[in-house]
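Reader: I am new to this structure and would like to go through it step by step. Could we begin with the helices and then turn to the strands?

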Amino acid sequence: MKIRGHRKRRIKLKFKFRIKNRALVRICAAAAGMMVFALVLLPLLLAAFFHAGDIPPLQQDRENRKITLYRQQEGRTVILDLETYVAGVVAGEMPSSFEMEALKAQAVAARTYGLSKVVRAEAAGNSAEHFSAPLCDTTHCQVYRSEEELTELKGQGWMEDGWLKIRQAAEATAGEIMYHNGALVEQPLFHSASGGKTENSEDVFVSALPYLRSVESRFEEEAPYQSENISVSLATFEKKVREKYGASNINANTIKVISRSEGGRVQEMQAGDKVLSGRDVRELFGLRSANFTIAFDGSNNIIFTTHGYGHGVGMSQWGANGMAKEGYNYKEILQHYYIGVTVE
Ligand SMILES: [Zn+2]
């Protein structure tokens with residue numbers, strides 16, 4: 001018992017000393033912490049803040065930025081200079097015969113999309129489709145062609161002419177990216193030709209994005225497929241819609257456009273006892289766009305007349321080329337098709 005009591009007192013004493021000691025240590029630690037903050041961290045934070053204000057983080061070190069790309073065909077991952085990647089994407093997406101300002105606009109869109117995938121992968125990991133890289137070279141991300149592939153595809157003459165022009169478009173805009181309200185633009189979508197007006201993103205895809213709003217696309221005169229007629233027999237229409245959507249009671253009186261989006265694309269179309277989206281109809285009959293009208297020719301054929309080519313959201317490539325011919329520069333083109341963006 002005695003021994004126990006003695007031990008208890010010793011423990012109490014030790015405990016008291018420890019408490020005093022701990023309080024002392026805390027005061028010292030707090031003082032040291034404050035000194036470290038004032039002398040080291042605060043200046044670093046301030047420097048980082050002002051530095052970031054001057055140069056958006058994605059543009060820092062722009063000369064040396066690399067892109068890790070999964071090459072689907074070869075099944076391997078390669079590392080490329082950012083601008084080599086951007087030029088290889090522009091070459092895959094836009095004719096080199098387009099105006100320089102249109103090619104520059106495409107280069108900024110390609111770079112913005114590529115880097116947005118990199119940033120997303122840094123936060124959430126690479127896609128399950130290509131876990132070794134944030135980007136792949138197919139339409140899953142965006143199409144990229146290497147110099148060797150382009151030489152084979154387009155010939156040496158093109159490499160000395162078209163490829164040089166595209167490289168120039170990438171280099172002239174090196175490192176430039178689109179921002180919206182200070183945030184990186186993640187979906188700089190584009191399409192071949194709108195048919196006169198682009199679409200709100202939510203009318204074609206799921207989410208409403210502030211920079212993907214319906215705008216006029218005035219200079220598409222040179223675009224192909226401005227007005228294309230596709231004839232589908234009523235029997236084929238009936239069969240396809242019945243097989244895919246289980247529709248019945250399909251005849252000339254029960255096929256009609258119900259509603260259109262702001263950009264003019266078919267939103268809802270009646271087909272017998274079913275209502276299909278314009279996008280469904282476009283896919284089912286391989287139409288160039290969901291911006292179409294329907295008519296009947298008197299011999300049991302439906303005539304689809306389509307306007308434009310592609311989904312209609314974001315930048316119209318032919319519209320961009322038309323704007324460039326009218327004297328608009330690449331920033332004006334981008335700011336026309338992507339509402340409220342800055343190019344930095
Ligand atoms: Zn991909």
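Predicted model: local features only at pLDDT ≥ 70, side-chain atom pairs only at ≥ 80, totals over all residues.

Reader: Is the crossing of H3 and H11 left-handed or right-handed?

Author: The crossing is right-handed.

Reader: Which residues of H3 meet H11?

Author: On the H3 side they are Glu101, Ala102, Lys104, Ala105 and Val108. Their counterparts in H11 are Tyr330, Ile333 and Leu334.

Reader: Let us move to the strands. How do S1 and S2 run?

Author: Strand S1 (residues 66-71) and strand S2 (residues 76-81) run antiparallel and are joined by six bridges. Within this pair, Leu80 in S2 stands opposite Ile67.

Reader: What lies between S1 and S2?

Author: Four residues separate the two strands, which form a hairpin. In the turn, Gly75 has a positive phi of about 65°.

Reader: In which sense does S1 pair with S3?

Author: S1 pairs with strand S3 (residues 135-136) in the parallel sense, over two bridges. Tyr70 has Cys136 in S3 as its bridge partner.

Reader: What about S11 and S12: how many bridges do they have?

Author: Strand S11 (residues 292-296) pairs with strand S12 (residues 301-306) over five bridges, in the antiparallel sense. The bridge partner of Phe292 is Thr306 in S12.

Reader: Which residue in the turn between S11 and S12 has a positive phi?

Author: That is Gly298, with a phi of about 90°. S11 and S12 form a hairpin, with four residues between them.

Reader: One more topic. In what order do S4, S5 and S14 lie in their sheet?

Author: The order is S5-S4-S14, in an open sheet of three strands with antiparallel pairing. Strand S5 (183-184) and strand S14 (341-343) are the edge strands, each pairing on one side only.

Reader: How many bridges join S4 to S5?

Author: Two bridges join S5 to strand S4 (residues 178-180), and these strands run antiparallel. His180 has Ala183 in S5 as its bridge partner.

Note on methods: Residues numbered from 1 in each chain as written. Pairing = 2+ DSSP bridges. Left-handed = near helix turned anticlockwise from the far one by under 90°. Contact = placed C-beta atoms within 7 Å.
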